Amino acid sequence: MPQNRQSQSFRDICTRYARLSAENRQLDEDLAYLRHKLGALAAEEHRQPLLVQKTEQRLGQLLSRSSLVWNELVETETLLRRAAACLPQPRMTRILLYRYLEQLPWSQISEITGLEPRWLYRLHRRALALLDARQRSA
């Protein structure tokens with residue numbers, strides 16, 4: 001985990017957010033599977049107590065990791081929102097939030113904003129350039 005998150009570039013923060021989002025989704029799937037497995041094992045606990053115990057331990061480990069990932073995800077989302085809010089045009093902010101926080105495809109962002117894809121890409125590039133310049137000057 002980086003020491004000074006404020007000095008990270010917007011792109012680095014976006015990359016971290018995407019990684020954490022993917023990890024969070026995977027943890028949710030794993031937790032759902034283990035809860036289901038534990039429910040099925042509960043009926044036969046007297047037959048396989050060691051398996052139940054190991055499953056409960058694994059579930060505890062995943063819950064702990066899930067909590068850490070969730071907290072970091074919320075913190076990273078806050079950083080993304082703060083950085084995007086500094087842009088001079090609200091539509092630039094919306095484009096970045098749709099793309100990086102909501103992880104929408106370009107076609108859907110184009111529909112939502114009513115912008116042609118080429119303008120959308122242009123505004124996206126400008127927004128990233130402004131954020132990069134802001135970070136270099138800080």
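**Rings, helices and a few single residues**

Tyr-100 has a relative accessible area of 21%, so it is partly exposed. Keep in mind that this is a predicted model. Now to the ring partner of Tyr-100, which is Phe-10. Phe-10 is at 7% relative accessibility and counts as buried.

How many aromatic pairs does the structure hold? Two. In the pair of Phe-10 and Tyr-100, the ring centres are 5.8 Å apart and the planes stand at 85°, so we call it edge-to-face. Planes over 60 degrees apart get that label. This pair links distant parts of the chain. Phe-10 sits in helix 1, Tyr-100 in helix 3, and 90 residues separate them.

The other pair is Trp-106 with Tyr-121. Again edge-to-face: 5.3 Å from centre to centre, with 85° between the planes. Here too distant parts of the chain are linked, with Trp-106 in helix 4 and Tyr-121 in helix 5, 15 residues apart. Tyr-121 counts as partly exposed, because its relative accessibility is 36%.

One more ring. Trp-119 has the charged end of Arg-122 over it, 4.6 Å from the ring centre.

Next, helix packing. Two packed helices are described by the angle between their axes and the distance between the axes. Take helix 1, residues 10-42, and helix 3, residues 90-101. Their axes come within 10 Å and cross at roughly 35°. Which residues meet there? From helix 1 we have Phe-10, Cys-14 and Tyr-17. From helix 3 we have Leu-96, Tyr-100 and Leu-101. By class, that contact has six nonpolar residues, no polar ones and no charged ones.

On to helix 4, residues 106-113. Its buried residues are Trp-106, Ile-109 and Ser-110. Why do they lie on the same side of helix 4? Because they cover an arc of only 100° around the axis. The general point: an α-helix has 3.6 residues a turn, so residues three or four places apart point the same way. The buried residues of helix 4 pack against helix 3 and helix 5, the latter being 117-137.

Backbone next. After helix 4 comes Gly-114, with a positive phi near 75°. Gln-103 also deserves a look. Its phi is positive, about 55°, although Gln-103 is not a glycine. Most residues other than glycine have a negative phi. Gln-103 is in the loop between helix 3 and helix 4. At 33% relative accessibility, Gln-103 is partly exposed.

Buried or exposed? Asn-24 is buried, since its relative accessible area is 10%, and the cut-off for buried is under 20%. Leave aside neighbours within four places in sequence, and Asn-24 is in contact with Ser-66, Val-69, Trp-70 and Leu-73.

Arg-35 lies in helix 1 as well. Arg-35 counts as partly exposed, at 46% relative accessibility. With neighbours within four places in sequence left aside, Arg-35 is in contact with Leu-59 and Leu-63. How far apart are the C-alpha atoms of Arg-35 and Tyr-98? They are separated by 33 Å, and the two residues are 63 apart along the chain.

That's the tour. Over to you.

Methods:
Residues are numbered from 1 along each chain as its sequence is written. This is a predicted model: local features need pLDDT of at least 70, side-chain atom pairs count only at pLDDT 80 or more; totals for chains, interfaces and linings use all residues. Side-chain values use heavy atoms; hydrogens and water are left out. Axes are lines fitted to C-alpha atoms, for helices over the stretch in contact, and angles run from 0 to 180 degrees between N-to-C directions. Helices (H or I, at least four residues) and strands (E, at least two) are DSSP runs, numbered from the N terminus. Contact means heavy atoms within 4.5 Å. Ala, Val, Leu, Ile, Met, Phe, Trp, Tyr, Cys and Pro count as nonpolar, Asp, Glu, Lys and Arg as charged, and the others, Gly among them, as polar. Buried means under 20% relative accessible area, exposed over 50%, partly exposed in between (1.4 Å probe, protein chains only). The arc is that of the directions from the helix axis to the C-beta atoms. Rings of Phe, Tyr and Trp (its six-membered ring) pair if their centres lie within 6.5 Å; planes under 30 degrees apart count as stacked, over 60 as edge-to-face and the rest as tilted. A charge sits over a ring if NZ of Lys or CZ of Arg is within 6 Å of the ring centre and within 35 degrees of the ring normal.
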